[in-house]
Amino acid sequence: MPVTENPLTGASSAIDDSSYTAASITPGANRLVLAAVTNTKATLPDTPTISGNGLTWVQLATVTFDTIASPLKRTTLFRALGASPTAGTPIIDFAGTAQTGCIWSFAEFIDVDTGGTNGSAAVVQSATNSANTGVSLTVTLAAFGSTDNATYGAFGSNANIRTDPGTDFAEIHDTGIALAPVANLETEWRNDNDTSVDASANDAGNKRWGGIAVEIKFAAAGGAA
């Protein structure tokens, strides 16, 4: 069986706050959990941390955008994996510094390599990209290590309506903030290889983008089950 995906929770808050609490999730044992966060601020947005569920959440990548030179938005991706995770509400924290909004997407991936620590062996590579304008954004990954490995993407933007996943990608969450500062977070995946991970604005209008892409390692592709 290839890698499979299970969405856990996705939501947003337009409230000015330094900490945001997601809905309760129950991650499965030895499943890779990827958590994408897009936050907004009137100046450079801060980088969050995540806690909860008996897991250690490790930052994979972060990218700022809107605009690239003077960013008002940030998208950050975290990984976690544990043998005995607990049910509960993950907390996205900004160390006491208020943000103007936050969007999050939590999803778990089954049948991944469980080696290393906190999902380190389950993530083969990651890459980022950003753009000040465009109807879509592509994040380019290097050649995959195995045809059994899966692909994941997280795309933050200043869209105020939904974002469409790339061709042959399945959408995980598409969540936005309609109030100023307008923002959107699209997460997507596919259970095979794609080195050109992309998403597009549903209204075909130019947006400002920040994206992160990941190669997820299948358990049987040279790793521990």
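The backbone oxygen of Pro 45 sits 3.0 Å from a polar atom in the side chain of Arg 74. Arg 74 itself is part of strand S6, residues 73-80 (strands are DSSP runs of E with at least two residues, numbered from the N terminus). This is a predicted model, where local features need pLDDT of at least 70, side-chain atom pairs count only at pLDDT 80 or more, and totals for chains, interfaces and linings use all residues. Residues are numbered from 1 along each chain as its sequence is written, and side-chain values use heavy atoms, with hydrogens and water left out.

- Arg 74 is buried but has no salt bridge (buried means under 20% relative accessible area, exposed over 50%, and partly exposed in between, using a 1.4 Å probe and protein chains only).
- Its nearest side chain of opposite charge is Asp 46, 6.8 Å away (Lys and Arg count as positive, Asp and Glu as negative, while His and the chain ends are not counted).
- Arg 74 touches several residues, including Val 37, Leu 44, Pro 45, Thr 62 and Phe 65 (contact means heavy atoms within 4.5 Å).

**Salt bridges**
- You'll find nine salt bridges in the structure (a side-chain nitrogen of Lys or Arg within 4 Å of a carboxyl oxygen of Asp or Glu).
- One of them joins Arg 208 and Asp 66, with the closest N and O atoms 2.9 Å apart.
- Arg 208 is in the loop between S15 and S16, and Asp 66 is in the loop between S5 and S6, so this pair ties together parts that are 142 residues apart in sequence.
- Arg 208 is partly exposed at 32% relative accessible area, whereas Asp 66 is buried at 5%.
- Asp 66 and Arg 208 also belong to a salt-bridge network with Lys 73.
- Asp 194 pairs with Arg 190, their closest N and O atoms being 2.8 Å apart, and both residues are buried.

- The peptide bond from Asp 66 to Thr 67 is cis, with omega near -10°, and Thr 67 lies in the loop between S5 and S6.
- Another cis peptide bond connects Ala 180 to Pro 181, with omega about 0°; Pro 181 is in the loop between S13 and S14.
- Asn 53 isn't a glycine, yet its phi is positive, about 65°; this residue is buried, at 5% relative accessible area.
- Asp 168, also not a glycine, has a positive phi near 70°, but Asp 168 is exposed at 60%.

Note on methods
Helix = DSSP H or I, 4+ residues; strand = E, 2+ residues; numbered from the N terminus. Polar contact = N/O pair within 3.5 Å; in protein donor to acceptor, adjacent residues only side chain to side chain. Lists of a residue's contacts leave out its neighbours within four places in sequence.
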